[in-house]
Amino acid sequence: MNEEDDVAERGQGLSRADLEWVLQGAQVGVWTWQIARDELLWSSELGRIFGLSEDRYPRTLSEFQELVHPGDRQALAQRMRQALAQREPHYVMEHRVVRPDGAVRWIRGGGRLELDARGAPVRLGGAAIDITEHKEAEAALRAREDELRLFSELASDYVYVADVTGAPLAPTIVAGSFSRVTGYTPQQIADRGGWFHIMHPDDRGDYDELFGELKKGIPFVSEYRIHTADGGIRWLRDHVRPVLKGGVLVQIVGGVQDITERKELEQRLQHAQRLEALARMAGGVAHDFNNIVFVITGSLALMRKEVNDRPEALEYLSDIQAACERATDLTRSLLAFGRKHVAAPKVLSLPRLVLNTRSMLQRAAGERVELQIDIEPGCGLVELDKSLFQLVLLNLTVNARAAMPRGGRLCIRVRPGTNCNGELPEIQAQRTAVVEVSDTGEGIAPEVLPRIFEPFFTTRPSGAGTGLGLATSHGIVAEAGGTMRARTKVGEGSTFFIHLPAVEAPPAHVQGTRTHVTMGGTERILVVEDDASVRSVTVRMLEAHGYSVVATQSLQQARAAVETETFELLLSDVRLPDGNGVALAKLLRKRNPKLPVLLISGYVDDESRKLLEPSDFTLLAKPLSADALARAVRRALDPVA
């Protein structure tokens, strides 16, 4: 361009030199392509962007395409063909280029198409800028967003923004694991009527009150439940912040944690604490109740000798005795539930134990229920408390009878089992003995099945059951080192599986019993019992069998008695107001290592249990009959060599 041309162009606006100067300052390169001649012209700024000297500027379209990144060449060529074919007056696209030094840069280019009078493409022209830094910033931002999203998903958290000026209330912007936690998209929440429609009904009232605080600009933290898309329930902890404009609430911003697992752990802990409290209460009630029953049964035994010639009186006494036996079963259940029972585990033949319980179970099942007992060979031996396990079978039988009001079949099957693959993590032994108790009753509903071993849970009408039977049985089996499970189907009956660890022992150790025990004697016995009624009945029961008895009510009185008198047997309650019967027994054994000791209790606390474990003292469980007490005393005085 000569000076005259430059002056002429100045008169019409910016000169070419001015335009070049402006484009360089804006870092914008321009180009034109004469389509018919395939001639490409570049500005110097475009050459700088591509890293080219003027002598290396591309002169044809194919030379230009060689500068484009191989990954973008096809897309760029297709876009240009589209612009030409569709006669687009303007187009924009982004692509990469490779500079001579190997550097890769991002370019955003915009083009304009010129047509002749017939509408045929004549020339393309456009501008390009280097957007590499912008692209790198975008990539870094996306990486950061992906990282934050990953952190949020790993923490089961999400954040949200919700517009409160319209209805329904639903999140409009979310980040994190919103859909994974709720099962919904924000649009699905809106379609269902808003956030409050998926909240648990019991929690909506609290949130309405808190929403009033938001309108005052007060943030809050709330915990509530929602119904998820798959029908489940999740607990959420919602940190909510209000956004006010002109004093009016327009948005809420929140951060949410999924705290379902924490809530479940809290509920299990609370459940365990309630069970522990119930166990302590059950032990205390059973202890006092056992003392009362012991007094009644002892008095009944003494009265029988006085009314042998009066049949009607004996009948009354039999009724009282039967009531006492039912009361004894109830206290045994309470103590077994609380694991406070004075257990006496022995190595037993499980098949023999079940067979010996048949008559009791048949009476409990009733006339309408057919009782069937199947014993498979090779069941081996188990170690457990005989009376407690009989209570387990009795509880299952009573439940089966209730499930078959019109009659049915109850089958008790004893078989050997294995634990080779660790299917029973509660049991350490590889060999097990299994008792299956199956009925043809109504079955257990699926929603009820998870709760059947909970104490005081029952599906029977009010007054028809205590809800302790299965809880007690489960506790007894667990105390014996076993596990208890159930399989059921509504309308097809239920089967309870009791798995017990099998033990090895020579046959001579299996529940040996004496053929004859003398009932009375003349020895001098020290009785230590703090309950006046129990103490009085115990003395009379022993004296009725000929023994000489000195009774004391405390540890202090017992110590004073042994300072002045000699005794041939100690019979002491475990729990004393000023100490422990175990400690007293150990003290007397130091003076007389061969002194026979009988400890008696209906409830043994953890401290007493620890003291008893290393000792060889015989422990009797209250309540017990006069004959049972007399036999225990005689055995202690005349031990088997």
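A salt bridge is a side-chain nitrogen of Lys or Arg within 4 Å of a carboxyl oxygen of Asp or Glu. Keep that in mind as you click around this predicted model, which holds 29 salt bridges.

**Stop 1: a first pair**

Select D116 and R118. Their closest N and O atoms are 3.7 Å apart, and they form a salt bridge. Now colour by accessibility: R118 is exposed, with a relative accessible area of 77%, while D116 counts as partly exposed at 27%.

**Stop 2: along a helix**

Next, pick helix α6, residues 132–154, and show the side chains of K135 and E138. They meet in a salt bridge, with 4.0 Å from N to O. How far apart are these two along the helix? They sit 3 residues apart, so about one helical turn separates them. An α-helix has 3.6 residues a turn, so residues three or four places apart point the same way. E138 is partly exposed, at 28% relative accessibility.

**Stop 3: a link between a helix and a strand**

Jump to R262 and E223, another salt bridge, whose closest N and O atoms are 3.0 Å apart. R262 belongs to helix α10 (residues 260–304) and E223 to strand β8 (residues 220–227), so this pair ties together parts that are 39 residues apart in sequence. R262 is partly exposed at 34%, and E223 is partly exposed too, at 27%.

**Stop 4: helix α14**

Select residues 386–403, which make up helix α14. Its 18 residues reach 26 Å from first C-alpha to last, close to the 26 Å expected at 1.5 Å a residue. Zoom in on the start of α14: a side-chain oxygen of D385 comes to within 3.0 Å of the backbone nitrogen of L388. The buried residues of α14 include L388, F389, L393, L396 and A400, but also Q390, N395 and T397.

**Stop 5**

Nonpolar side chains tend to be buried together in soluble globular proteins. To look at the largest nonpolar core here, which has 36 residues, show L350, F389, L396, I412, V435, I498 and L500, the ones with the most contacts inside it. Which helix gives the most to this core? That's α14, with 7 residues.

Centre on V435 and look around: among the residues it touches are L350, F389, L393, I412 and I498. Finally, select L40, L67, V68 and Y91, which belong to another core, of 24 residues, lying apart from the largest one.

How values were computed: Residues are numbered from 1 along each chain as its sequence is written. This is a predicted model: local features need pLDDT of at least 70, side-chain atom pairs count only at pLDDT 80 or more; totals for chains, interfaces and linings use all residues. Side-chain values use heavy atoms; hydrogens and water are left out. Buried means under 20% relative accessible area, exposed over 50%, partly exposed in between (1.4 Å probe, protein chains only). Helices (H or I, at least four residues) and strands (E, at least two) are DSSP runs, numbered from the N terminus. The expected span of a helix is 1.5 Å times one less than its number of residues. A polar contact is a pair of N or O atoms within 3.5 Å; within protein, one must be able to donate a hydrogen and the other to accept it, and residues adjacent in sequence count only if both atoms are side-chain atoms. A nonpolar core is a set of buried Ala, Val, Leu, Ile, Met, Phe, Trp, Tyr and Cys residues joined through side-chain atoms within 4.5 Å. Contact means heavy atoms within 4.5 Å.
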